[in-house]
Amino acid sequence: MTDLIIKDENGLYVPKADVYLDPWRKVDKAIISHMHADHCRYGHKQYIIPNGSLKVFKKRIGPASVSTRNFREPFSINGVKFSFHPAGHIPGSAQIRVESGGEVWVYSGDYKTEEDGLAESFEPVTCHTFITECTFGLPVYLWKPQSQVFEEILDWWTENQSQSRPSVILAYSLGKAQRLISGLSGGPGPIYCHSAAQQMTNAVRRDGFDLKRTKPLTEKTPTEMLNRSLVIISPSGFSNHFVKKFKDASTAAASGWMSIRGARRRRGVDRGFTLSDHADWGGLLLAVKATRAERVLCTHGYQHIFAQYLRELGLQAEELRIDDFTDEG
Ligand SMILES: [Zn+2]
Ligand SMILES: [Zn+2]
């Protein structure tokens with residue numbers, strides 16, 4: 001039997017339906033798991049996306065031919081049955097289930113198994129073949145519970161306040177920023193968001209997610225106003241201007257990569273908080289098991305090591321190398 005999903009020069013391809021999943025080159029028809037730039041690219045003729053990410057899609061891609069589907073709502077293309085299922089990665093993010101002739105494949109997209117109180121919880125989907133990401137597919141990556149990380153961030157913020165210093169945290173504008181807002185809104189002061197983070201947060205709100213008010217940070221916002229505040233800026237938005245403006249602030253970064261020695265220093269921040277929107281080693285194993293898949297294709301990260309480990313567990317596991325992905329952590 002030929003594979004239901006294959007990789008070609010454009011991306012992951014479903015030949016029977018003539019459709020791509022998160023393609024990296026321009027194609028006619030693309031089914032998109034979520035709105036991160038390495039998954040949802042500009043220039044496809046037709047997009048099918050999960051409902052609950054349309055406003056973010058429009059913000060990112062602009063005008064395009066796009067249709068949405070609810071989670072678990074089946075749709076057919078050339079007789080192949082597709083459906084979206086929650087991936088728990090960021091608000092609105094999905095796994096993609098593909099079924100044809102009794103054969104079921106699931107492409108995970110990016111996912112995390114821990115509930116974050118904002119994104120729809122990861123839903124294991126029974127399948128024959130599971131294509132799993134493994135961004136953090138090494139046994140050293142084991143996350144602390146989110147509640148503990150938020151406690152640490154709150155302590156840091158409170159400590160900075162007592163010294164009248166702003167707390168500046170670098171976080172990706174889609175996903176991480178909203179997770180921080182959701183988890184820290186009851187904190188000791190206002191939350192400011194810089195341009196990209198504020199705009200994405202507004203789009204996520206319009207997609208139906210309940211996020212408390214945040215204030216927009218501009219280059220003109222006086223630093224004295226920010227002494228009690230948490231300030232969220234995307235890593236790419238932390239320009240020289242802001243480095244100067246916040247020279248007395250305490251700075252931090254929130255990412256899965258903060259668990260690596262030296263990462264905090266490389267980012268040039270005072271504190272690193274390990275908070276990832278991806279599954280850790282335990283989460284990946286849990287997810288693979290929960291799908292009851294007999295075959296696992298590992299992609300997007302430490303696929304070599306993770307596939308080898310799964311083989312040692314007796315699963316049929318292979319690498320599916322996708323070099324084009326950069327990750328938001
Ligand atoms: Zn992602
Ligand atoms: Zn990704």
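Me: How are residues numbered here, and what is counted in a predicted model?
Reply: Residues are numbered from 1 along each chain as its sequence is written, while chains are lettered from A and ligands numbered from 1 in the order in which they are written. In this predicted model local features need pLDDT of at least 70 and side-chain atom pairs count only at pLDDT 80 or more, whereas totals for chains, interfaces and linings use all residues.

Me: Why is H34 called buried?
Reply: A residue is buried if 20 or more other C-beta atoms lie within 10 Å of its own, exposed if 12 or fewer, and partly exposed in between, with C-beta atoms placed from the backbone. H34 has 29 C-beta neighbours inside 10 Å, so H34 counts as buried. H34 sits in the loop between β4 (29–31) and β5 (46–50); strands (E, at least two residues) and helices (H or I, at least four) are DSSP runs, numbered from the N terminus.

Me: What does H34 touch, leaving out residues up to four places away in sequence?
Reply: Two residues are in contact if their C-beta atoms, placed from the backbone, lie within 7 Å. On that count H34 touches, among others, H39, C40, S53, H89 and D110.

Me: Are D22 and N78 buried or exposed?
Reply: D22 has 23 other C-beta atoms within 10 Å, so D22 is buried. N78 has 11 within 10 Å, so N78 is exposed. D22 lies in the loop between β3 (19–21) and β4, and N78 in the loop between β7 (75–77) and β8 (80–86). Neither is a glycine, yet phi is positive at D22, about 45°, and at N78, about 50°.

Me: How do you know that the buried residues of α1 line one face?
Reply: Those buried residues are L54, V56 and F57. They fall within an arc of 155° seen down the axis of α1, so they line one face of the helix. The arc is that of the directions from the helix axis to the C-beta atoms. Their cover includes β5, β6 (66–69) and α4.

Me: How do α1 and α4 pack?
Reply: Helix α1 (residues 54–61) and helix α4 (residues 195–206) meet at about 145°, with axes 7 Å apart. Axes are lines fitted to C-alpha atoms, for helices over the stretch in contact, and angles run from 0 to 180 degrees between N-to-C directions. K55, V56 and K59 of α1 meet Q199, M200, A203, V204 and R206 of α4.

Me: What puts the buried residues of α7 on the same side?
Reply: In helix α7 (residues 281–291) the buried residues are W281, G283, L284, A287, V288 and T291. They cover an arc of only 165° around the axis, which puts them on the same side of α7.
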